[in-house]
Structure formats: C-alpha cells, structure tokens
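Student: I have not looked at this structure before. Could you show me how to read its features, one at a time?

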Amino acid sequence: MQEMLRVEDLWLSLGEKQVLKGVNFSMNYGEIHVLFGPNGAGKTSLIMTMMGFPRYKVERGRIYFKGEDITDKDIYERARLGMGISFQRPPTVRGVTLRKFIEIISDGADREEIIGIAEKLNLLDHLDRGLNEGFSGGEMKRSELFQLMVQRPNLVFIDEPESGVDLENIALVGEAINTLLGKDKVKDPKRGAIIITHTGYILDYVNADKGYIIFDGRILCGGNPRDILSEVKKNGYRKCAVCR
Amino acid sequence: MSISKTYLSDIRERAERAKEKKAALGPDIDLSRYSQHIERERIESLESLSLQAKEAAVMAGIDVKEEVRSGSYLQVDHSVVYERLNKAYEGRLEIMSTTEALRRYDWLEDYYWRSVPVDQDKYTAQAELNMTHGYFIRVLPHQKTDYPVQACLLVAENYVSQNVHNIIIVEEGAELQVITGCTLAKRDAEGIHLGISEFFIKNGGKLFFTMIHNWADNFHVRPRTVAIVEEDGMFFSTYVLLKPVKSIQMFPVAYLKGNRASAKFNAILYGLKDSYIDIGSRIILEGEDTKGESTARAIAADESVIYSRGDLIAKTKDYCIAHLDCRGILFSKKGRIYAIPQLVSDGASKAELSHEASIGPIAEEQVEYLMSRGISKDDAISVITSGFLSLDIPYLPEVIDRNIKEVIKATAKESM
C-alpha cells in the first residue's frame with residue numbers, strides 16, 4: 001500500500017507550553033488510525049498542526065502529504081490537496097446557511113445527490129439555518145460529516161466524533177464516517193482517517209487499522225486499536241507513563 | 001380642488017420659524033451653499049436617460065427597462081421628468097408628484113405634514129419653503145400590486161438642494177411594494193438631498209418599502225420619515241447604503257397606532273472613505289398586540305464613522321413585543337461604530353422589549369473554519385461578510401444583492 005501521510009520529528013509549542021515533542025508516524029492510503037490519550041496530551045494539537053491552522057505553527061519537523069512537503073502550506077491549500085477536518089466544536093457562522101456553504105464547497109456537484117445526503121443525515125431542516133447556529137452536539141457532528149462528504153478529502157481528521165452525541169446518534173455518526181470514507185463500498189479505497197476518541201464508542205462502528213497513544217506530546221506506542229482501548233480501560237494512561 | 005390656503009399658510013409660518021433650527025443629531029449643514037435651481041426636460045422612457053444618469057439609477061435599484069415594475073416615477077434635480085403607471089393598475093394605483101396631488105386633492109390636507117412635523121428642524125423647514133416635488137403613491141382599498149413601484153430621485157448637478165416631499169397611502173386591505181432609489185449622477189457633485197416621507201398604512205394594509213442610497217464623497221443627506229400604521233397594518237422597511245456619503249442623518253419612525261399593527265426595519269450600512277453615517281429606527285408601540293423588529297448590520301471601513309441607533313418605545317397598557325438587533329463589524333483601525341440601542345417602557349407594564357447589540361472584528365476562528373473546506377482567506381472573509389449583511393429582505397433588487405457582494409469583495413480583504 002502506498003504511503004499517504006508522513007510526519008517527521010514534529011515539534012510544537014503553544015505559548016509557554018511545549019505541546020508536541022518530536023512526533024513521528026506515517027499512514028497509507030485508505031487506512032484509519034485512532035489517537036488515544038489523556039486530556040492535554042497533544043491529540044487535537046497534532047491534527048490541527050497537520051491541517052495547518054496558523055496558531056499551530058511547526059517549530060521543527062516536516063509533514064508530507066501525498067509525497068509533497070506541506071509543512072509551510074496554508075489551511076486551504078492543504079484542504080485543496082485532499083485534507084479535511086471534522087471539528088469537535090465548530091464555530092457558529094451566522095448568516096451563512098448550511099445550504100449556501102454546501103453550494104460553495106460542492107464545486108458543481110449533483111444537487112439531488114447533495115439533498116439525498118442531507119436527508120440521510122437528518123439535516124434537511126438545518127439547511128437554511130446559519131452554520132452550527134443552535135445545532136445540538138449530534139447535529140454539529142452530522143453537519144461536519146455532511147460538509148466533508150461534499151468536500152471529499154482523501155484524508156480526514158475527526159476530532160472526538162462521540163463527544164456531545166447521544167448513543168442513538170453515535171450509530172448515525174459511525175455510519176456517516178463509513179460512508180465518508182467509502183468503507184460501505186468495495187471500490188474507493190483511497191480515503192483515510194485519523195480519529196481522536198476518548199471513549200472508544202466509535203470503534204463499534206468504524207473498523208480502525210491502527211491505534212496510537214499520545215502522552216505528553218509524544219507517541220508512546222502503536223498497535224491494534226481495540227487492544228490499546230482495552231488496556232487503557234483496564235489501567236488508564238498512568239501505565240503509559242511507566243511504559244515510557 | 002387643492003388643499004386649503006389657511007392650512008398651507010399655517011405650515012409655511014411654522015417652517016419660517018424653524019428655518020435656523022439645528023437638528024438634534026448629525027453635523028449642521030449650511031444650506032445657503034446649495035442654492036442652484038435646475039429644471040430638466042421630460043423624457044419618454046427611463047432608457048432614454050444619459051448613460052451616466054442611467055448607471056446612477058441602476059445602482060440605486062432602478063429597473064430602467066421597467067419589466068418588473070408596476071409603475072415608475074423619476075425626478076432629476078428639481079423637475080419631475082417621468083411618471084408611468086402600468087395600464088393593468090389604472091384605477092387601482094396612483095403615481096404622481098406630490099405637487100400635483102396637492103393641486104388635485106383637498107383631502108391631502110389630512111396627510112401633508114401630519115406625521116412629520118414641519119418645524120422639526122431646518123431641513124424639514126427647507127423642504128416646505130423650497131419644496132421641489134417628491135412622489136405621491138396611493139394604492140386603493142384591497143388592491144395589490146404584483147410588482148414594486150419604483151421611484152428615483154436623482155441629482156445631476158453641483159450645489160443643488162433637492163427638497164422632496166413623498167407621501168405613500170396604502171388604503172384599507174391594500175398591499176404595495178415601493179423601491180426608492182436616491183442617487184447622484186455627477187459623482188463629484190457637492191449638494192444635499194432632503195427627503196420628507198410620510199407613509200399612511202390603513203387597516204390591514206401592507207407596505208414593503210425599500211430605500212437604496214447611492215451617493216458620493218461630497219454629498220449630504222437628511223431624510224425625515226414617519227409611518228403611521230393602523231389596525232392589522234404592516235410596515236416593512238429596508239434601507240441600503242453601500243456607497244460613500246459626506247454625511248447622512250436619519251431616524252425614521254413607525255407609529256403602531258392600531259391593534260396588531262407591526263413594523264420591521266432592516267438597515268444595511270457599509271461605511272466607506274470618511275463617510276459620516278448616523279442612522280436609526282424608532283418603533284412606537286401604541287396599540288394592543290403590536291409587534292416591532294429592528295435589525296441593523298453595519299460595517300465600517302476606511303475612516304468612516306457609523307452611529308447605528310434603535311429605539312423601541314412601548315406606550316400601551318396592553319401586551320406588545322419588540323426586538324432590536326444591532327451588529328457591527330469594524331474593518332479598519334481608523335473606523336468607528338457606535339451601536340446605541342434604547343428600550344423605553346412608558347407605563348407599558350405588559351410590554352416585552354429586548355435588544356442585542358454587538359461590535360467586533362470578523363472572528364479568525366470562523367475564517368479558518370471556512371478555509372479548512374478549501375476556500376481561500378479572501379473568499380472566506382467575503383462569504384462571512386455577505387452572510388453578516390444578508391438579511392431576509394423581500395423585493396431587494398438583484399442588482400443590489402450583487403452590489404453588496406462586489407463592495408464586500410473590494411474592501412473585505414483589507415479587514416484582517
């Protein structure tokens with residue numbers, strides 16, 4: 001399998017705090033990787049850095065995507081290259097309706113198909129509301145995945161898909177992630193994802209290939225995501241510190 | 001039969017006394033600078049206007065082909081040059097100059113200067129003492145127009161004071177849409193536009209009134225507008241200013257006299273260059289179950305100053321409800337916005353009045369969010385700004401919608 005993403009010796013500080021301390025990893029096209037780790041370990045910072053948000057400026061190290069060094073590229077350039085992100089708490093943009101925004105990012109995609117996606121995600125009633133305006137936790141997640149389905153990135157970062165979502169909606173979100181990544185189809189193997197999860201509930205719906213534990217700005221270990229999750233559930237992250 | 005001489009002389013006398021009376025708000029203007037009197041020839045169609053005048057009219061929302069308009073009225077400087085009523089509306093709708101209406105109808109005495117006080121300030125006084133027409137539009141009881149009536153008040157010369165007095169009467173159960181474009185054909189002209197507008201919305205009547213201003217750097221504007229809304233009547237007002245202006249000050253008022261009357265004001269204000277903009281809206285709730293809503297979106301770019309005011313005044317002992325929503329974005333370090341909302345409950349113990357006001361920059365978080373979907377920074381700012389200004393406005397001419405986007409595109413990139 002061909003490599004899609006490679007991160008080499010990534011260092012980042014936010015204010016006084018050293019948040020990432022030499023992160024290295026890579027992933028192939030079509031793979032799903034999961035990041036575990038306690039609060040403040042650097043998980044969200046890592047995906048925000050990879051996506052290119054200006055506040056998360058790389059101090060040292062390089063990021064390669066589809067063979068190209070993207071370390072100094074802008075967010076929208078990375079998005080155009082095929083990266084996408086589902087925010088844990090996206091901002092509200094009043095006045096810009098979900099329908100209008102979908103039209104802007106859809107780049108002439110089939111209108112009926114788009115409405116079909118909105119219907120599947122239970123978002124028809126939200127199309128004429130401002131982006132994330134008064135959306136519940138589950139509605140936000142579904143709206144994020146809706147936008148990404150229209151954007152069609154090759155690699156998508158998904159930050160805590162279960163947070164603020166009730167159990168009934170987790171199934172819908174899980175299903176939407178599988179659709180987004182093309183896992184419900186035999187073809188289309190090129191979409192991959194990096195998912196941050198605290199609870200691991202999403203693993204009941206999404207078949208992940210590899211898991212990592214991030215602790216104190218470093219990747220400590222990698223392996224089968226279900227094994228890692230059961231280990232964390234049993235011993236917490238404290239054992240990771242010892243493992244180091 | 002024209003209105004009584006006694007009434008006119010009383011009005012004149014009051015105007016004379018207010019000739020030097022400064023307005024409560026806005027910079028004081030020396031009216032003696034603008035004494036040119038310019039008369040113009042009548043024209044056969046709006047398309048026969050000069051290219052410059054046509055462009056100015058279009059930028060103020062005027063459809064020169066008149067394809068989707070019930071009727072048109074055009075005034076250039078001090079002359080009424082064109083009036084046309086679509087044949088389908090003959091006997092249902094009237095369009096003429098106020099001067100003509102005053103000659104024709106003695107009952108106009110019940111409307112002329114009955115809502116706006118002639119002695120409010122020197123500008124109302126000037127509008128009476130040196131009145132240069134204005135439009136009179138009346139829709140007869142229970143009649144509805146399919147398309148808006150358009151009125152264009154155009155200034156084409158230097159040192160002109162255009163003093164118009166407009167009257168709109170929406171008779172019982174009738175419905176009318178009016179687009180008024182006030183505009184300047186000579187872009188470097190110095191001058192002033194004084195517009196008195198008195199609107200009367202009878203029981204169950206509806207008026208959708210859209211005013212688009214297209215002025216320039218050296219031009220002063222002092223409109224004075226009052227709407228009287230009777231039982232079950234509705235007044236929906238939209239004001240759009242997207243071009244520079246030397247100074248503008250206006251504070252239109254809607255009196256909700258009848259039970260269940262309602263009013264909604266929308267204002268889109270885009271301050272450019274060193275424009276001085278002082279614009280508000282006041283809703284006075286006097287009837288039972290009356291409803292008011294006032295929404296303003298202001299963007300200050302360059303060195304512009306914007307005062308965005310809003311007053312909600314409840315005066316009924318019965319239930320009434322009104323909300324004020326006033327937001328601003330500052331695009332420039334040299335710009336200034338003042339958001340001044342005021343709620344007054346005058347013995348109105350059942351009134352529910354509320355407001356939200358905010359001023360801030362465009363949030364970077366929002367821009368980055370849009371960029372993460374593959375949109376460049378400039379485009380993301382344009383999308384957010386367009387969204388900020390996009391109020392749900394019925395009958396807004398498409399050209400204005402396009403113009404809003406163009407202005408944003410030209411200025412938004414300097415904002416962050």
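Tutor: Start with a term: two residues are in contact when heavy atoms of theirs lie within 4.5 Å. Keep in mind that this is a predicted model.

Student: With which residues is Leu5(A) in contact, leaving aside its neighbours within four places in sequence?

Tutor: Leu5(A) contacts Phe25(A), Ser26(A), Met27(A), Met50(A), Ile63(A), Tyr64(A), Phe65(A), Met83(A), Leu155(A) and Ile194(A).

Student: How do I read a nonpolar core?

Tutor: In soluble globular proteins, nonpolar side chains tend to be buried together. Here the largest nonpolar core has 105 residues. The members touching the most others are Leu5(A), Met50(A), Phe146(A), Ile194(A) and Leu370(B).

Student: Which helix of chain B gives the most to this core?

Tutor: Helix α6 of chain B, residues 377–389, which supplies 6 residues. In chain B, domain 1 (5–362) and domain 2 (363–416) both contribute residues, so the core lies between them. Another core, of 63 residues, lies apart from it; Ile38(B), Ile168(B), Phe265(B) and Ile306(B) are among its members.

Student: How do I read a sheet?

Tutor: Strands of a sheet pair through backbone hydrogen bonds, in a parallel or an antiparallel manner. Chain B has an open sheet of 10 strands with mixed pairing, in the order β2-β1-β5-β7-β9-β11-β14-β17-β19-β21.

Student: Why is one side of β2 and of β21 in chain B left without a neighbour in the sheet?

Tutor: β2 (79–85) and β21 (351–360) of chain B are at the edges and have a single partner strand each, so one side of each has no neighbour in the sheet. On average, neighbouring strands are turned by 5 degrees against each other, direction ignored.

Student: In which sense do β19(B) and β21(B) pair?

Tutor: Parallel, over 10 bridges, with β19 of chain B covering residues 320–330. Within this pairing, Arg327(B) has Ser358(B) in β21(B) as its bridge partner.

Student: Which strands does α6(B) touch where it packs on the sheet?

Tutor: α6(B) touches β14 (262–271), β17 (290–300) and β19 of chain B, and its direction makes about 150 degrees with that of β17(B).

Student: Is Ser281(B) buried or exposed?

Tutor: A residue counts as buried under 20% relative accessible area. Ser281(B) has 4% relative accessibility, so Ser281(B) is buried. Ser281(B) sits in the loop between β15 (276–279) and β16 (282–285) of chain B. Its side chain makes a polar contact of 2.7 Å with that of Ser294(B). Beyond four places in sequence, Ser281(B) touches residues including Phe251(B), Pro252(B) and Phe265(B).

Methods: Residues are numbered from 1 along each chain as its sequence is written. Chains are lettered from A and ligands numbered from 1 in the order in which they are written. This is a predicted model: local features need pLDDT of at least 70, side-chain atom pairs count only at pLDDT 80 or more; totals for chains, interfaces and linings use all residues. Side-chain values use heavy atoms; hydrogens and water are left out. A nonpolar core is a set of buried Ala, Val, Leu, Ile, Met, Phe, Trp, Tyr and Cys residues joined through side-chain atoms within 4.5 Å. Buried means under 20% relative accessible area, exposed over 50%, partly exposed in between (1.4 Å probe, protein chains only). Helices (H or I, at least four residues) and strands (E, at least two) are DSSP runs, numbered from the N terminus. Domain bounds come from an automatic or database domain assignment. Two strands pair if DSSP finds at least two bridges between them. Axes are lines fitted to C-alpha atoms, for helices over the stretch in contact, and angles run from 0 to 180 degrees between N-to-C directions. A polar contact is a pair of N or O atoms within 3.5 Å; within protein, one must be able to donate a hydrogen and the other to accept it, and residues adjacent in sequence count only if both atoms are side-chain atoms.
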